[in-house]
Amino acid sequence: MATVDLKDVKKTYAGNVVAVKGVSIAVPDGQLCVLVGPSGCGKSTLLRMIAGLETITDGTVSIDGKVVNTIGPAERDIAMVFQNYALYPHMKVYDNMAYGLRNRGMGKDEIDKRVRETAKILELGALLERRPRELSGGQRQRVAMGRAIVRSPKVFLFDEPLSNLDAKLRGQMRVEIKNLQRTLGVTSVYVTHDQLEAMTLADVLVVMNGGLVEQVGNPLDIYEKPASTFVASFIGAPPMNLLPLTDSANGATLSDGTAVPQAPKGAAILGVRPEDADVAVGAAASAGGLSLPATVEGVEPVGAESFLYCAAGGQKIIVRVSGRSPANPGDTLKVVAKAEKLHWFDTAGKRV
Amino acid sequence: MVENRPFLTFLTHLTLILGVLIVAFPVYVAFIASTRGEADFLSGVMPLMPGPHTLENYSIMLESGMTSYGAPPIAPMMFNSLVMALSIAIGKIAISILSAYAIVYFRFPFRMLAFWAIFVTLMLPVEVRIFPTFEVVANLGMLNSYAGLSIPLIASATATFLFRQFFLTVPDELVEAARVDGAGPLKFFRDILLPLSRTNIAALFVILFIYGWNQYLWPLLITTDTQYYTIVMGIKRMAVVADADPKWNLVMAAVILAALPPVLVILFMQRLFIKGLVETEK
Ligand SMILES: Nc1ncnc2c1ncn2[C@@H]1O[C@H](COP(=O)(O)OP(=O)(O)OP(=O)(O)O)[C@@H](O)[C@H]1O
Ligand SMILES: [Mg+2]
C-alpha cells in the first residue's frame, strides 16, 4: 500500500518539446486516480515518469513517501498495463506472468502459487499453457492485468488499457478493473482519453490539458462544478452548451441580443449541460432560471433518451430529454434550465 | 487470386515441372557421371543412365582421394569446409546480432556513425579487399589455420542490417514491459530478443552456412598446406590437371558429396527457414 505524490513535475523531451509543464497531484493510499485529457496533453508522459520509463526533467515523484526520481522501474515496485498489452509473444501465459517474479529471484513454489492464485481471480486458469497469439483481445487484456496483479506491487499504472477492446467488452472490463482495484486496495493511476471511463473509475479525477492540470477532484464534483470551459466541454457527453455573452447597455446578452439578466458580474460565457436543459411549450421558466425562445432543428432518438438540436439566442443548443422527443423539427418552443444548473465563465474561460 | 480452372492448373504445373527439370538436370548429369567408369566420357557422349561404378568411385574419393592430382581425400576436406562454414555462420550471427542490439537499444555517442561504418562495409566484400586482408592475416600468422579461413569473413554488414531492421519492429512497449519486470539489458536480450529472433537466426544460418561452404577464392589464397584445403577449392584442383584428362567420374563424385551438407542444412532448417522468410512473428 502506498501513496503517490507528484510535486511540480515537468518533462521536456529532446528538441525542446515541453510535454508536461508542472503537475502536482497527490494520490491517497488505495485510491484510483484517473488522468484524462485530449490526445497529446501529456498523460502518458506523466504516467511513464511515475513508472520510471522516462526521466523527470524537474520536480519530484514520490511513491510511499520516498522520492523515486533516480530509481529504475523495476525497483519502484510498480506494475504497468500497456495499451497494446506488451505480452511476451514467445512465452506461455504462465511464463508471461511469472517472468517478473523470476527476475526478482522468487522461489519456484511461491511463483507457482501466486500465478495460479492470480489466474483464478482473472479466470485465466484454462489458458495458462497458451501463447498470447492464441488468445482473444479480451483474454490478452486479462493476461496483461494478471501480469501486473501477480507481482502485488505498491502501485498499478494503466495506460489506456481498454482502448483496443470493442465497446461491450470495454464496459465489462471497466467494471472488472474497478472491482479488482477495490478488492486489492492497490493505489492506481489510470490514463484514458475516454471521459466515461474516467467518470466511472476515478476516486480522484485529474483533467489535463496542454501539459497542465485543469482540475483535480472527485468526478461528480468536477462534473457539477467544472473549473473552466475546457473541463466543462471535456467531461460529460454530449458536451456542455457554451453560449458566449456580450456586455451591452442593458446587461449581458446573447449574440442575437437576447438579454440574460441572471448573468453575474464578469461572466462572459454561459454554460448549460444538455441533461440540465429542457424544452417547454409556453412560458414555464422557474424563477431566475433560463428561458430562451428556440427552434428545433433536428431530433436524434436513441431509445431511452432523445437529443434535440435547437437554435436559440443565435447559437446551437443541445437538449437531452428522456424517452421520446416532445417536439419535431421546425417546432418553436422554449429551452429552459433551472438557475442552479447554470454555469458561468469569464473571458479566460475560468469559472465565475 | 487466380481462378481454379483445370487448364490453368495444368499450365502452372507444367511451368513448375519444366523449371524443376531445367534446374535439376545438371545435378542429375553430375550424379550419373559419378556412377560410371573412367572410360565412359572419352567418347564425348554423355551417358544418361547410372553405371556400375558408384561404390568404387565414392570410396576412392572418401578414402584415398586423387593423390596423383595433389588433392587430399574428400573426408578431411569436407571436415575443413564444415569447420569453416560453421565458424562463419555462427560467428557472423553472433557478432551481427550483438552489434545490431547495441545500435538499436543503446544511446551512445557516435551511434549512427558506427551504424554507417558497418553499413558501408557492404560495399567492400572480401574480393575487393582481398590483398590488404591477406596481408593482415599473413602478418598475424594465420595462414594455413582455421582462424585464417573463417575470421576475416565473419564481419557482416548484411546480417547486422537485417537484425537491426527486425529489432526496430519489436514494439517499444515490450522493451518497457521487460524493464518494469526487472529485466536488465542482458536478460532482455537473452530472454526476449533472442527467442523472438529465432526464425531470423535460422534463415540467416542457412544462408551464411552456404556462403561459407561455397567460399573459393579466400581458401585458395591462404592455404598451401593440404591439411587445410576445403572441398570447393579441392574440386577445382581435381578438375584442372596438366597432362591428363580429368577423371570426371571422380570429380563428379566429389561434387555430389560437396553438395550434400548444404542440402542437409536446408532440409533440417527448412521449417524454421521458411517461417523466417514469410512470417514476422509479433
Ligand atoms: N519521445 C518523445 N519525444 C518527443 N516528444 C514526445 C515524445 N513522446 C511524446 N512526445 C510529445 O509529448 C506530448 C505528450 O505526449 P503524450 O504521449 O504524453 O500524450 P498523451 O496525453 O498520452 O496522448 P494520447 O492520448 O494520444 O496517448 C505530445 O505532444 C508528444 O508529441
Ligand atoms: Mg498516451
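**Helix packing, sheets and domains in the predicted model**

In chain B, helix α3 (residues 74-105) and helix α12 (residues 231-239) have axes that come within 8 Å and cross at roughly 140 degrees. Axes here are lines fitted to C-alpha atoms, for helices over the stretch in contact, with angles running from 0 to 180 degrees between N-to-C directions. Helices (H or I, at least four residues) and strands (E, at least two) are DSSP runs, numbered from the N terminus. This is a predicted model, so to speak of local features takes pLDDT of at least 70, side-chain atom pairs count only at pLDDT 80 or more, and totals for chains, interfaces and linings use all residues. Residues are numbered from 1 along each chain as its sequence is written, chains are lettered from A and ligands numbered from 1 in the order in which they are written, and side-chain values use heavy atoms, with hydrogens and water left out.

Back to the chain B pair: α3(B) and α12(B) are therefore oblique to each other. The scheme counts angles under 35 degrees as roughly parallel, over 145 as roughly antiparallel, 65 to 115 as roughly perpendicular and the rest as oblique. On the α3(B) side, I74(B), M77(B), M78(B) and S81(B) meet I231(B), V232(B), G234(B) and M238(B) of α12(B), where contact means heavy atoms within 4.5 Å. By class, that makes 6 nonpolar, 2 polar and no charged residues; Ala, Val, Leu, Ile, Met, Phe, Trp, Tyr, Cys and Pro count as nonpolar, Asp, Glu, Lys and Arg as charged, and the others, Gly among them, as polar.

Helix α4 (residues 137-149) of chain A packs with helix α5 (residues 167-184) of chain A at an angle of about 15 degrees, their axes 12 Å apart, so α4(A) and α5(A) are roughly parallel to each other. From α4(A) the contact takes G138(A), Q141(A), R142(A), M145(A) and I149(A), and from α5(A) L169(A), M173(A), E176(A), I177(A), L180(A) and L184(A). The tally for this contact of α4(A) with α5(A) is 7 nonpolar, 2 polar and 2 charged residues.

On to the strands. An open sheet in chain A has 4 strands in the order β2-β1-β4-β5, with antiparallel pairing; two strands pair if DSSP finds at least two bridges between them. At the edges stand β2 (17-27) and β5 (66-67) of chain A, each with a single partner strand, so one side of each is left without a neighbour in the sheet. For β5(A), 2 bridges join it to the antiparallel strand β4 (residues 58-63) of chain A, and I63(A) stands opposite K66(A). Helix α1 (residues 43-51) of chain A lies across β1 (4-13), β2 and β4 of chain A, at about 115 degrees to β1(A).

Further along, strands β9 (residues 204-209) and β10 (residues 212-217) of chain A run antiparallel, joined by 5 bridges. They form a hairpin with 2 residues between them, and G210(A) in the turn has a positive phi of about 55 degrees. N209(A) stands opposite L212(A) in β10(A).

Strand β19 (residues 332-337) of chain A pairs with β15 (residues 277-280) of chain A in the antiparallel sense over 4 bridges, with D278(A) opposite V336(A). Strand β16 (residues 290-301) of chain A is also antiparallel to β19(A), with 6 bridges, and P293(A) stands opposite K334(A).

As for overall layout, chain A is divided into domain 1 (4-234) and domain 2 (241-345), with bounds from an automatic or database domain assignment. The C-alpha centres of these two domains of chain A lie 39 Å apart, and 8 residues of domain 1 are in contact with 6 residues of domain 2.
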